[in-house]
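Trainee: Could we go through this structure together? I would like to learn how to read it.
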Amino acid sequence: MIVERKIVDPNSVESAVNEPPSTDYLTVVMISDTHCNLDLIPYGDILIHAGDITTYGDAPELIKFNDELGRLSHPHKIVIAGNHELGFDPEEDQSMRKDKYQGQGTADGWKLLTNCTFLNDSSTTIDGVTFYGSSWHPLEGHLDLYPPLERWGCRYLLEKVEQLRPLLHVFGHVHHCYGAVKNEHTIFVNAASEKSSKDGFNHPLIAYIPKKQQ
């Protein structure tokens, strides 16, 4: 598959990954990997947080995040859990955790997120547009490279996305690959907010999605 790179300059305030359509559209603000730092979020119709809202998934972190979400004026807020939301997965084998993550997290912590729509292998529809969310790895070959040569993406997810051809695919996890690429069907967005050097944050990314007629 040929992919055309859409360059997003992390030092620019111009962080849109596409142009607004000529018809009515939704402005979608995309972030990920904020790790307890929910700052400077531009307004939009929809805010998507693609995971790693916390550092350890502990209750105080989740409550703080939920309170901050409640102060944002976006009409719709969608949240997906990342690998740092420890305790969200009831089937997790906790013995497999690294030492620093042992004993961390909050069982069913997603229930504390009352100021958003939490998606876990589920969907929501806004103005005729369906948004599906699942806690998963990035897809293989698209903004998933952990230097120097390790790819963190999932081949099976890539196959599914290529089959479904969504307008937008949003993820994070790989801090080194913030930005967006696109092919003729889909814009692939790595919205990782925290920089790989952990010395600052990238701008939230913005996409414009046409509304669908009811």
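Trainee: Leaving aside neighbours within four places in sequence, which residues is P20 in contact with?

Mentor: P20 is in contact with Y25 and Y208, where contact means heavy atoms within 4.5 Å. Please note that this is a predicted model, in which local features need pLDDT of at least 70, side-chain atom pairs count only at pLDDT 80 or more, and totals for chains, interfaces and linings use all residues. Residues are numbered from 1 along each chain as its sequence is written, and side-chain values use heavy atoms, with hydrogens and water left out.

Trainee: Where is P20 found?

Mentor: P20 sits in the loop between β1 (4–6) and β2 (25–31). Strands (E, at least two residues) and helices (H or I, at least four) are DSSP runs, numbered from the N terminus. P20 counts as partly exposed, at 40% relative accessibility; buried means under 20% relative accessible area, exposed over 50%, and partly exposed in between, using a 1.4 Å probe and protein chains only.

Trainee: What is the order of the strands in the open sheet?

Mentor: The order is β5-β4-β3-β2-β13, five strands with mixed pairing. β5 (117–118) and β13 (205–210) stand at the edges with a single partner strand each, so one side of each has no neighbour in the sheet. Two strands pair if DSSP finds at least two bridges between them.

Trainee: In which sense do β3 and β4 pair?

Mentor: Strand β3 (residues 46–49) and strand β4 (residues 76–79) pair in the parallel sense, over four bridges. L47 stands opposite K77 in β4.

Trainee: New topic: how many salt bridges are there in the whole structure?

Mentor: A search finds four. A salt bridge is a side-chain nitrogen of Lys or Arg within 4 Å of a carboxyl oxygen of Asp or Glu. Side chains of opposite charge can pair when their charged atoms come close.

Trainee: What does E68 form a salt bridge with?

Mentor: E68 pairs with K64, and their closest N and O atoms are 2.9 Å apart. Both lie in helix α1 (residues 59–71), four residues apart, about one turn of the helix. E68 counts as buried at 15% relative accessibility, whereas K64 is partly exposed at 38%.
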